[in-house]
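Biologist: I have just opened this one and would like a slow walk through it. Could you take me around?

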Amino acid sequence: GSKVQGQEGFQNLITGECQLEMYLLENQSGVDDHTADYSADRINSAQKYLRSVIESDTVDSTKQSQTLLTCDVNFEAKLLLAKLHSAAKNSERALDYYTKAELDIHPTADASPRMLKMLAEAFCIKAKCLEAGLHSLSKSAYHEREAAILTAYHRSAELCLRYLQDMEYKKGLPSSSSGAGTTSTSNLPSPTTTCNSSIGYFLEHALQTAPTLLLKKNMISDAIVILRKFLRLQELSTLQSLRQLLSRQLAEVLLRAVCEQTYSPPDAGVPKSAPIFM
């Protein structure tokens, strides 16, 4: 029945996700390398499993048997397929999956750490896909696309910070086991975080890129908020180089873009906006 189909969809999602993440780990240079081998067996296998989730869910929806879990699995499968096509340098196909998933309006208020990380990655990948065809656009379309890129990176950085804050908070809590017989994607760790505590390429890229783009648009307060929030987090050895980089960036912003009248200490709320003095 629908319960069995739901379990099968869940299993296909996890299998497809593992295959995709293993492919990305094995081809890390492929993140920005146009010679990435899209015909690799692993990524083809990942695509097959993830597409089967969406196809089976489409059949289920005609019977009005969708559950909350089924919707979550369908949504995550679309995000992972977008990630897959981005790795294959098919930006338009990736963006199409984000549109189908309605990424921009997906609720985040009660998102689990796993979902926060997936959403943060998705917005970063979306931004990179939007960047891919940026310079071939007309002037008006260029500025519109540029604004969309900034929004995506900003949202990615904010979600990444929420993810890191959630993980930091949960480290101080005793572990609790879920009820027997329950299955939920929200309780699963992402394959990219099971082997080590690195947050991964996309989240690091968003945390580096978002403040830079915000500063270019003279959105100084927003940039400072992101930098300060990250630097308040517990130090991790895997993020030491990123912490040093963002510390330098914050120092440069405060020295060059904020004057005595507009400076706000870290605990005094959001700093006032000011023109960049460069």
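**The core and its helices**

Modeller: The largest nonpolar core has 72 residues, and those with the most contacts inside it are Leu79, Tyr98, Leu103, Leu164, Ile199, Leu207 and Phe230. A nonpolar core here is a set of buried Ala, Val, Leu, Ile, Met, Phe, Trp, Tyr and Cys residues joined through side-chain atoms within 4.5 Å. The largest share of this core, twelve residues, comes from helix 5 (residues 113–132), where helices are DSSP runs of H or I with at least four residues, numbered from the N terminus.

Biologist: Before we go on, what should I know about the model?

Modeller: This is a predicted model, in which local features need pLDDT of at least 70 and side-chain atom pairs count only at pLDDT 80 or more, while totals for chains, interfaces and linings use all residues. Residues are numbered from 1 along each chain as its sequence is written, and side-chain values use heavy atoms, with hydrogens and water left out.

Biologist: Okay, which residues is Leu79 in contact with?

Modeller: Leaving aside neighbours within four places in sequence, Leu79 is in contact (heavy atoms within 4.5 Å) with Tyr98, Ala101, Leu103, Met118, Leu119 and Ala122.

Biologist: Changing topic, is Asn12 buried or exposed?

Modeller: Asn12 has 15% relative accessibility and therefore counts as buried, the cut-offs being under 20% relative accessible area for buried, over 50% for exposed and partly exposed in between, with a 1.4 Å probe and protein chains only. Asn12 lies in helix 1 (residues 2–26) and, not counting residues up to four places away in sequence, touches Tyr49, Ser52 and Val53.

Biologist: And how do helix 8 and helix 9 cross?

Modeller: The axes of helix 8 (residues 201–216) and helix 9 (residues 220–232) come within 7 Å and cross at roughly 155°; axes are lines fitted to C-alpha atoms, for helices over the stretch in contact, and angles run from 0 to 180 degrees between N-to-C directions. That makes the two helices roughly antiparallel, since angles under 35 degrees count as roughly parallel, over 145 as roughly antiparallel, 65 to 115 as roughly perpendicular and the rest as oblique.

Biologist: Which residues make that contact?

Modeller: From helix 8 they are Leu207, Ala210, Pro211, Leu214 and Leu215, and from helix 9 they are Ile220, Asp222, Ala223, Ile226, Leu227 and Phe230.

Biologist: What about the angle between helix 5 and helix 8?

Modeller: Helix 5 and helix 8 pack at about 65°, with their axes 9 Å apart, and are therefore roughly perpendicular to each other.
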